[in-house]
Amino acid sequence: MSTASPRSTVSMLPVISGLALAFSITGIDPLILSLNMPQISRALDVPPDVVGLLGGAATLVMAAAVLAVGNLGDAFGLKRMLTLGLVGDIAVNLLSAISPGYVFLLVTRLLDGLALAMVLGVAMALLKSSVPPEKRPTAIGIFMAIDMVLFGVVPAAGGWVVEVVGWRWLFLVAPLMSLVALWLTARYVTEPPVLQRRGIDVVGVSLVGLTLLALVHGVAEAENGISQVQAWLPLVISAVTGVLFVLHERRTVDPVLDLSLFRSGPFAVAAVASLMLNFLIAGFSFALGQFGSVILSLSPRTIGLLFLPGTLAIAAGVILAGRLIGKYTPRPVLVTGLLLMAAGGLLMAATADPAMALWIVVLATWLTNLGSLVTSSAVAETILASAPPGKSGAVASVQPAFGMTGYALGPAVYLLLLNLFFQRQWLNDAEDRGISVTEADQAVDETRSALAHSPGSAGYDPNLLRQSGLDLGLDFTNGLRLTMLVVSILPLVLAVVAHRVMRRRPHGTP
């Protein structure tokens with residue numbers, strides 16, 4: 001298969017740029033909110049138990065709704081759905097900027113999740129319908145490269161906006177991007193033929209949404225003990241509704257998720273890879289924010305800047321990945337991307353230290369980001385190649401549906417592991433120093449209370465450490481290292497599976 005010529009690539013740029021910008025908003029919008037949550041939490045007096053829900057509200061709604069959006073796009077128009085989503089994102093963010101309290105902001109975040117789901121569910125499908133199949137791998141590479149540049153620049157810009165003019169102005173970043181995406185898509189993207197469908201699988205959408213919400217809630221509550229009813233009951237509900245969803249989808253005429261697609265090994269691997277890469281990137285960003293603010297005493301602006309170095313190199317690497325997919329197959333590119341993500345996690349597991357050099361953190365972030373986008377390129381080509389005519393939205397939405405599920409689960413699972421390993425570390429620390437469990441527990445609570453009153457500021461208070469006799473900074477760091485070691489095993493295992501399941505290009509195939 002030949003790759004696109006330079007001239008044809010240039011002619012595709014306005015289409016690819018508009019769709020890539022729209023797609024990027026769905027990740028950047030929640031990301032810049034999460035990175036600057038300490039300032040927003042203090043300003044609106046957000047209770048500690050609501051902070052996680054506030055930060056992940058839009059992502060949870062996207063994960064629950066994106067499959068339905070893909071089907072709606074096929075029925076009523078992909079471009080029409082994208083336009084509606086971008087307009088909705090502008091309106092809801094402007095409302096968020098004038099939030100009088102955290103309840104109002106939570107409602108606007110839930111509404112923003114619906115708007116972003118409309119964008120997320122159809123952006124890739126429009127790319128498939130707008131670009132010839134022989135040029136699609138190169139187009140996907142450029143698409144992901146633009147996504148990378150925006151993810152490198154916008155978080156740093158968001159941190160600067162918050163520090164200079166205040167947190168309310170942060171909600172103007174996504175609307176400005178949406179306006180540019182609206183103009184590009186309105187002018188250069190054409191509406192593909194609309195497939196008349198019988199209707200939307202409301203039961204299936206409801207079941208998958210309940211499954212995801214219960215799962216995330218159960219994992220988050222498991223931090224306080226899996227034996228607690230608040231933890232195991234949501235997990236049981238999630239398992240039951242998940243089984244009911246599969247049974248329903250197998251029987252319904254127009255399922256929201258066509259389960260027959262998963263009979264293809266490459267498609268199934270690509271869907272799982274989408275979940276895993278988003279799980280890892282969201283969890284890594286969460287862990288980076290915790291470690292950077294609590295242990296390394298970095299400001300939100302500095303943490304945002306960690307995404308910037310190497311952005312252009314990653315963009316070039318992702319474009320190369322697209323060309324390699326066109327020349328060979330998605331398999332070697334997907335395996336390479338998973339190995340790069342594992343390398344980023346293992347680097348943090350091996351080197352994390354309260355006094356570690358910042359360039360190591362930057363390198364780990366760079367490897368993780370590069371691996372995630374290289375993997376995304378291979379996943380996108382594998383899934384889009386499986387879409388039959390007229391069902392691009394329904395099939396293409398599988399990638400963001402699995403991706404948003406991973407993105408929603410990542411912070412919850414990382415927090416669960418981090419707290420579990422941190423507790424194990426400070427208990428061992430207390431035993432080694434001859435301190436009772438009660439005294440050590442009190443010291444940890446006092447330290448956490450101090451951080452809650454001043455989140456994201458100066459890290460652990462040295463006076464509390466001296467009073468307790470514990471080295472909580474080192475204990476937290478060791479907990480992080482164990483967390484990163486455990487999660488880094490996942491992409492290694494999937495890389496082996498992908499290498500065995502996904503097809504090579506037959507000999508003699510151009």
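What follows covers a helix pair, then aromatic pairs.

This is a predicted model, where local features need pLDDT of at least 70, side-chain atom pairs count only at pLDDT 80 or more, and totals for chains, interfaces and linings use all residues. Residues are numbered from 1 along each chain as its sequence is written, and side-chain values use heavy atoms, without hydrogens and water.

Start with helix α14, residues 358-384. Its 27 residues should span 39 Å at 1.5 Å a residue, and its end C-alpha atoms are 39 Å apart, which agrees. Of these residues, 23 are buried (under 20% relative accessible area).

Helix α13 (residues 330-351) packs against α14: their axes come within 7 Å and cross at roughly 160°. That makes the two helices roughly antiparallel (angles over 145 degrees). Their contact has 17 nonpolar, 9 polar and 1 charged residues.

Now the rings. Aromatic rings pair if their centres lie within 6.5 Å; planes under 30 degrees apart count as stacked, over 60 as edge-to-face and the rest as tilted. The count comes to 7 aromatic pairs. One of them, Phe262 with Phe402, is tilted, at 5.8 Å centre to centre and 40° between the planes. Phe262 sits in the loop between α9 (229-251) and α10 (265-295), while Phe402 is in helix α16 (residues 398-433), 140 residues apart. Phe262, Phe267 and Phe402 form one aromatic cluster.

Phe422 and Phe476 pair edge-to-face, 5.5 Å centre to centre with 70° between the planes. Phe422 lies in α16 and Phe476 in α19 (residues 472-501), so this pair ties together parts 54 residues apart in sequence. Both Phe422 and Phe476 are buried.

Technical notes
Helix = DSSP H or I, 4+ residues; strand = E, 2+ residues; numbered from the N terminus. Expected span 1.5 Å × (residues − 1). Buried < 20%, exposed > 50% of the residue type's maximum accessible area, 1.4 Å probe, protein only. Axes fitted to C-alpha atoms, helices over the stretch in contact; angles between N-to-C directions. Parallel < 35°, antiparallel > 145°, perpendicular 65-115°, else oblique. Nonpolar A, V, L, I, M, F, W, Y, C, P; charged D, E, K, R; others polar. Phe/Tyr/Trp six-rings, centres within 6.5 Å; stacked < 30°, edge-to-face > 60°.
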